[in-house]
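Welcome! Please take a look at the sequence and the 3D structure below, and then read the briefing that follows.

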Protein chains: 2
Amino acid sequence: MSKQVLPLVDDAAVDAGACCAPLVCEPLGVAEAEELAPLFKAIGDPVRLRLLSLIACHEGGEACVCDLTAAFDLTAPTISHHLKVLKQAGLIDSERRGTWVYYWINPGVLARLSALLGPQAQALVGAR
Amino acid sequence: MSKQVLPLVDDAAVDAGACCAPLVCEPLGVAEAEELAPLFKAIGDPVRLRLLSLIACHEGGEACVCDLTAAFDLTAPTISHHLKVLKQAGLIDSERRGTWVYYWINPGVLARLSALLGPQAQALVGAR
DNA sequence: ACACTACTTAGACATTCATCGAATCAGAGA
DNA sequence: TCTCTGATTCGATGAATGTCTAAGTAGTGT
């Protein structure tokens with residue numbers, strides 16, 4: 001259970017990432033691409049994107065699986081599967097408290113992805 | 001050819017997006033999720049992520065297919081396929097000039113994705 | 001101990017996807 | 001017109017993915 005993919009974000013990178021987005025500064029290396037693509041792939045599904053959003057917006061910053069399952073027209077195992085994918089990607093984390101299992105967002109990873117796409121793109125918008 | 005998926009970005013949204021990222025403000029609607037997820041899915045592949053980066057970093061902001069193909073250990077049809085996926089997602093656009101075909105980034109779409117993930121995530125980093 | 005609820009795992013199935021080789025299309029130049 | 005190069009399309013194939021049902025695990029309460 002606890003044996004999870006390493007967070008892929010050190011807090012230093014979060015601050016640093018904001019200043020220079022690799023995507024447009026210099027070509028992404030093969031290794032970085034192979035490391036980052038799975039994160040985008042994980043949120044590249046409508047159900048998982050909504051799950052992420054539901055968790056992020058939920059009061060307290062965390063949500064119980066039963067809340068999440070209720071928001072979809074899918075079976076519990078399917079929701080569980082998608083949560084597992086998000087967790088293995090390092091985007092969310094979870095903890096059992098009594099009967100319920102709670103999930104919350106790992107905001108650092110999200111911020112890193114945003115920084116990768118963002119600032120430079122804004123610059124290009126003006127340039128072109 | 002020119003019949004492409006609509007850009008999915010109005011310039012207003014680019015500016016507006018910077019102030020409030022939907023992902024953490026309120027739950028993403030089903031329709032929005034189904035519209036946005038394919039974009040993340042498109043960049044959720046190492047080859048396509050590198051293609052995007054190579055194009056963005058290339059001098060002049062555009063790159064010829066032959067330049068791109070040379071950077072990979074894949075056949076030309078495969079690269080062509082990935083470029084098509086990126087183009088259909090609205091992330092890049094292309095034009096033929098003589099013998100060569102050039103691709104460039106649609107920065108507005110990238111910026112929108114960044115805004116969706118970004119600012120709120122930064123806020124949560126501090127909060128937690 | 002038993003039953004009940006919440007969630008996850010296992011296995012099956014249909015669909016989608018990444019990749020390739022072969023064929024085709026589009027221009028440039030002899 | 002013929003040929004050469006650059007790029008895309010087509011068809012096939014093995015791998016990955018999303019979903020389900022059925023079964024299992026974990027905790028609560030009687």
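Predicted model: local features only at pLDDT ≥ 70, side-chain atom pairs only at ≥ 80, totals over all residues.

**Two chains and how they meet**

Residues are numbered from 1 along each chain as its sequence is written, chains are lettered from A and ligands numbered from 1 in the order in which they are written, and side-chain values use heavy atoms, with hydrogens and water left out.

**The interface**

- On chain A, 44 residues are in contact with 44 residues of chain B, where contact means heavy atoms within 4.5 Å.
- The copies meet through the same surface, because 100% of the interface residues of chain A are also interface residues in chain B.
- About 3,500 Å² is buried between chain A and chain B, 75% of it on carbon and sulfur atoms; buried area is the accessible area (1.4 Å probe) that two parts lose on being put together, summed over both.

**Which parts of chain A take part**

- On the side of chain A that touches chain B, α2 (22-25), α3 (30-42), α4 (46-57) and α7 (107-127) each supply at least two residues; helices (H or I, at least four residues) and strands (E, at least two) are DSSP runs, numbered from the N terminus.
- With 13 residues, α7(A) gives the most to that side.
- The residues of that side are 28 nonpolar, ten polar and six charged (nonpolar means Ala, Val, Leu, Ile, Met, Phe, Trp, Tyr, Cys and Pro; charged means Asp, Glu, Lys and Arg; the others, Gly among them, are polar).

**Strands in chain B**

- Strands β1 (residues 62-64) and β3 (residues 100-105) of chain B run antiparallel and are joined by three bridges; two strands pair if DSSP finds at least two bridges between them.
- Opposite B:Ala63 stands B:Tyr103 in β3(B).
- Strand β2 (residues 92-97) of chain B also runs antiparallel to β3(B), with six bridges joining them.
- B:Ile92 has B:Ile105 in β3(B) as its bridge partner.
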